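Me: I've got a structure open here and I'd like to go through it with you. Can we start with how the chains meet?

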2 protein chains.
Amino acid sequence: MRVRVVGLGLIGGSIALGLRDRHDVAGYDRDEGARAAARARGIAVVDTLDAAVPADAVVVATPLAAVVPTLRALAPRAGDAVLLEVGSLKADVAAFAETAPAGVRIVGLHPMAGGTASGMAAADGALFRGRPFLVVVTARSDERAMAVAGDLARDLGGSVTVCSPSVHDRAIAAVSALPLASAVALEAVARAALPMPFASVAGTGIRDATRLAGTPLELALPLLGAPGLREHIASLRERLGEIEHALGDESALRAILSARKD
Amino acid sequence: MRVRVVGLGLIGGSIALGLRDRHDVAGYDRDEGARAAARARGIAVVDTLDAAVPADAVVVATPLAAVVPTLRALAPRAGDAVLLEVGSLKADVAAFAETAPAGVRIVGLHPMAGGTASGMAAADGALFRGRPFLVVVTARSDERAMAVAGDLARDLGGSVTVCSPSVHDRAIAAVSALPLASAVALEAVARAALPMPFASVAGTGIRDATRLAGTPLELALPLLGAPGLREHIASLRERLGEIEHALGDESALRAILSARKD
């Protein structure tokens, strides 16, 4: 397949690296430095968004705010190309797809992997191996477009679940936005409570538990707009209140700890 | 040094494996199966607690509830041996040390590493490399005993910070107990909120954020007795309330996210 990747940060760069052995891959980024970095990693690069088509698939991997504008720019000349985008929330793409020209093909794709590092320098073709991918149906998804999305996800080593945009965004609220909010709060409280420097005592436990607090601002801000997050944070506070209340009561703590799932 | 390790689980086993190239190491566990597992990993084993002395250092790595009883059993015949223990909280050891015979030497040692796996089978001599160690002074710590604790911590690849039992326990409340409580609550809420199976969508983010929720019950229960934990959970709920309140207000969210430390 001719695959074009628009946006050569951590995710776009990793997709380009992960697909280039099996597909005719080229990347584009509006930033010249990002294009040079991609070239240095051996990725073919085109110098304009226009040159990303014709193609069989164009993967839009820009920051979330640029996803719909990029799809809008690509749509009139997409031809047979399936337009994919890997944004962390899908409501805006779903709304755009409703109004897109009838012949355009748009499918959401969300690899559940990443990191707090960003940019082409951190890109890794193996980033998505063994990771879940959500493939998200829009009003402009047909069977062929869904098959292309599934094939690319599997070529990256992922396992695929298909869902609607609203189910996607609700899932992301639970597994990405809530843990982000939780990590930001936990890091602040743990550091303030510590009677010694963080590095003197921080082992793998607290570091893993607060890793998402390091999510870059431009990813973190839109994630905190996930639907239902307010209710999930309220539930988390309530659940923490139950643990707080159970402290000192061994049988109550046992009951809470025994309800954990592995 | 003649080093004896009492309690051959994940931590004791890893200490024995990590020290045996530089020291004369032998282990003891009251469970015959654990002793056999240690022998199978090439660790010399003695068959009674009595046989753990004479030694230069005895590292008590039993479950927390057994630490003081084991120290009490060892104290009368410890001779010149420095008694170390790696329990996750130090208040009880500190109280015991106050009343221990004058000649006994007791120092707390706490490697900030571990995992949700347990037992000799998961033991790893490299577990502590690059990790912080807290070395905890008691009423029965002298200069030689502190030096022995520091030497063993460094031989395991750790970096040492010395503190009092109360500072230790307050630090653990912040970096171990609070993240445990937070992970237990987060896992429950995230799973309940998910509109699809956990495995379909759980990437590294949520898995790392909730890893401590898998802490074995026998470690988790005593940790939740850490001093100040109630107040820390209350602070965490408050901080989460601030994030909840800021949702939808970009400048407020920016301020919260910008206060993060890396």
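Me: How many residues does the contact take from chain A and from chain B?
Reply: First, this is a predicted model, so local features need pLDDT of at least 70, side-chain atom pairs count only at pLDDT 80 or more, and totals for chains, interfaces and linings use all residues. Residues are numbered from 1 along each chain as its sequence is written, while chains are lettered from A and ligands numbered from 1 in the order in which they are written. Two residues are in contact if their C-beta atoms, placed from the backbone, lie within 7 Å. On that basis, chain A puts in 73 residues and chain B 73 residues.

Me: Which element gives the most to the side of chain A that touches chain B?
Reply: Helices (H or I, at least four residues) and strands (E, at least two) are DSSP runs here, numbered from the N terminus. Those supplying at least two residues each include β7 (132-137), β8 (159-163), α7 (204-210) and α9 (229-246) of chain A. The one that gives the most, with 21 residues, is α6(A).

Me: How many residues of that side of chain A are nonpolar?
Reply: Ala, Val, Leu, Ile, Met, Phe, Trp, Tyr, Cys and Pro count as nonpolar, Asp, Glu, Lys and Arg as charged, and the others, Gly among them, as polar. The side of chain A that touches chain B has twelve polar and 15 charged residues, and its nonpolar ones come to 46.

Me: How far apart are the centres of domain 1 and domain 2 of chain A?
Reply: The bounds, from an automatic or database domain assignment, are 2-163 for domain 1 and 169-258 for domain 2 of chain A. Their contact takes eight residues from domain 1 and 13 residues from domain 2. Taken over C-alpha atoms, the separation of the centres is 31 Å.

Me: Which strands are at the edges of the sheet in chain A?
Reply: Chain A has ten helices and eight strands. Strands pair if DSSP finds at least two bridges between them, and an open sheet of eight strands runs β3-β2-β1-β4-β5-β6-β7-β8 (chain A), with mixed pairing. Pairing on one side only are β3 and β8 of chain A.

Me: Is A:V45 buried or partly exposed?
Reply: A:V45 sits in strand β3 (residues 44-45) of chain A, and its contacts beyond four places in sequence include A:Y28 and A:R39. A residue is buried if 20 or more other C-beta atoms lie within 10 Å of its own, exposed if 12 or fewer, and partly exposed in between, with C-beta atoms placed from the backbone. A:V45 has 19 C-beta neighbours inside 10 Å, so it counts as partly exposed.

Me: Which residues of strand β5 of chain A are buried?
Reply: Strand β5 (residues 82-85) of chain A is covered on both faces. It pairs in the parallel sense over four bridges with β4(A), and likewise over four bridges with strand β6 (residues 105-111) of chain A. Buried on one side are A:V82 and A:L84, and on the other A:L83 and A:E85.

Me: Which helix makes a right-handed β-α-β unit with β7(A) and β8(A)?
Reply: β7(A) and β8(A) pair in the parallel sense over five bridges, with A:F133 opposite A:V160 in β8(A). A crossover is right-handed if, with the strands pointing away from the viewer, the path from the first strand over the helix to the second runs clockwise. The helix between these two strands in the unit is α5 (residues 143-155) of chain A.
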